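My notes are below, in the order I took them.

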Amino acid sequence: MGPFEKISDNQCFGGTQLTLAHHSRTTGTKMRLSVYLPPAAKDGPVPVVYYLSGLTCTEENFTVKAGAQRVAAEMGLIVVAPDTSPRGENVADSSEYDLGQGAGFYVDAVQEPWAPHFKMYSYIVHELPQLVAEDFPVRPGGAGIMGHSMGGHGALTIAMRHPDLFKSVSAFSPIVAPSQVPWGRKAFAAYLGDDEAAWAEHDACHLVRERGFPTQILIDQGADDPFLEEQLQTHRFIDALKEKGQSAKVRMQPGYDHSYFFVASFIDDHLRHHALVLNG
C-alpha cells in the first residue's frame with residue numbers, strides 16, 4: 001500500500017472502507033485519512049472526491065457519521081477524508097478549540113509557532129492527491145472536493161484556486177467570508193499574519209468575485225444553524241454569486257442545524273452532484 005499504513009479495513013456496501021496513516025513530507029507529521037473504495041474500483045479507475053471536515057474534527061467524524069458510503073458505492077466514487085490538521089506532541093497547539101490542532105483552516109501558516117507544521121493547503125492541493133493517485137485506481141482528469149464548515153471554506157477556496165485539479169465543488173455550512181467573521185479572522189491572524197490583503201486568497205467571497213468556478217457550486221446551509229448569523233453569513237456568498245453571475249445552487253434548509261445529522265441528510269445529493277460533473 002505504498003506509503004500508507006493500514007489502521008483499519010472494513011467491507012461496506014460491496015466496497016472497502018479504509019482508515020490509513022502516513023508520514024507527510026508537507027506537514028512533517030503523521031497524518032491520518034479515510035478512503036472509501038467503491039465496488040467499481042475493483043474493475044478500473046473511478047472518480048475521486050475529497051471531503052474536508054470542520055473544526056475539532058478528525059477523519060473519523062465524516063467516515064462514521066455522514067453515511068456517504070452507500071451512494072459512493074452506487075455512483076462509483078472514491079471518497080477521501082483527511083484529518084483537519086497536523087497533530088503530535090511537537091506540534092503547536094492552543095487551549096482554544098478554534099486554533100491549533102483540529103483547526104488547520106486549510107492554509108499554509110507563515111507565522112510562528114504554526115509555520116513548521118500547519119501546511120494544510122499544500123497538503124490537500126499537492127501531496128495528498130499525488131499519494132492517493134499512486135496507490136488507488138483514480139481516474140485522471142480532475143477530482144471533486146467538498147467540505148463542512150471550516151472544511152466547506154477549504155473546499156470552496158481550494159476549488160476556485162485550482163479548477164484544473166478540482167472539477168466539482170460543494171459545501172455544507174461553509175465559512176464563506178472568513179476575513180469578516182470571528183473564526184476566520186482569529187485563524188488568519190494567527191497563521192497568516194496581520195496583512196489582510198494576504199487573507200483574500202483564502203476567502204470564498206473574494207475568490208468567487210475574482211475567479212468564479214467553471215461548474216455549478218452546490219451549497220446546503222441549515223436555516224436553524226446556531227453559527228449562521230455570526231460565523232457563516234451565507235448571505236455574503238449569495239451576494240457575491242449574483243455579482244459574478246456564477247452558476248450555483250444555495251439551499252437554505254429549514255429546521256436543520258450545524259451537526260452531522262444535517263450533513264447526513266443531504267450527503268446523497270452532494271455525491272450525486274459530484275458524480276454528474278466528474279462523469280461528464
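These entries go through the pairs I checked, one by one.

**Entry 1.** I am working with a predicted model. I started with the total, and the structure holds 15 salt bridges.

**Entry 2.** I looked at E5 and K30, whose side chains form a salt bridge at 3.1 Å, N to O. E5 belongs to strand β1 (residues 5-12) and K30 to strand β3 (residues 30-37), so the pair links distant parts of the chain, 25 residues apart. I then checked accessibility: E5 is partly exposed at 39%, and K30 is exposed at 52%.

**Entry 3.** Next came E127 and R25, which meet in a salt bridge at 3.8 Å, N to O. E127 sits in helix α3 (residues 120-135) and R25 in the loop between β2 (15-23) and β3, so this pair ties together parts that are 102 residues apart in sequence. Is E127 buried or exposed? I found E127 buried, with a relative accessible area of 2%, because buried means under 20%. R25 has 55% and is exposed.

**Entry 4.** I moved on to R209 and E243, where the salt bridge spans 2.8 Å, N to O. This pair, too, links distant parts of the chain: R209 is in helix α6 (residues 204-210) and E243 in helix α8 (residues 234-244), 34 residues apart. R209 counts as partly exposed at 35% relative accessibility, while E243 counts as exposed at 56%.

Notes
Residues are numbered from 1 along each chain as its sequence is written. This is a predicted model: local features need pLDDT of at least 70, side-chain atom pairs count only at pLDDT 80 or more; totals for chains, interfaces and linings use all residues. Side-chain values use heavy atoms; hydrogens and water are left out. A salt bridge is a side-chain nitrogen of Lys or Arg within 4 Å of a carboxyl oxygen of Asp or Glu. Helices (H or I, at least four residues) and strands (E, at least two) are DSSP runs, numbered from the N terminus. Buried means under 20% relative accessible area, exposed over 50%, partly exposed in between (1.4 Å probe, protein chains only).
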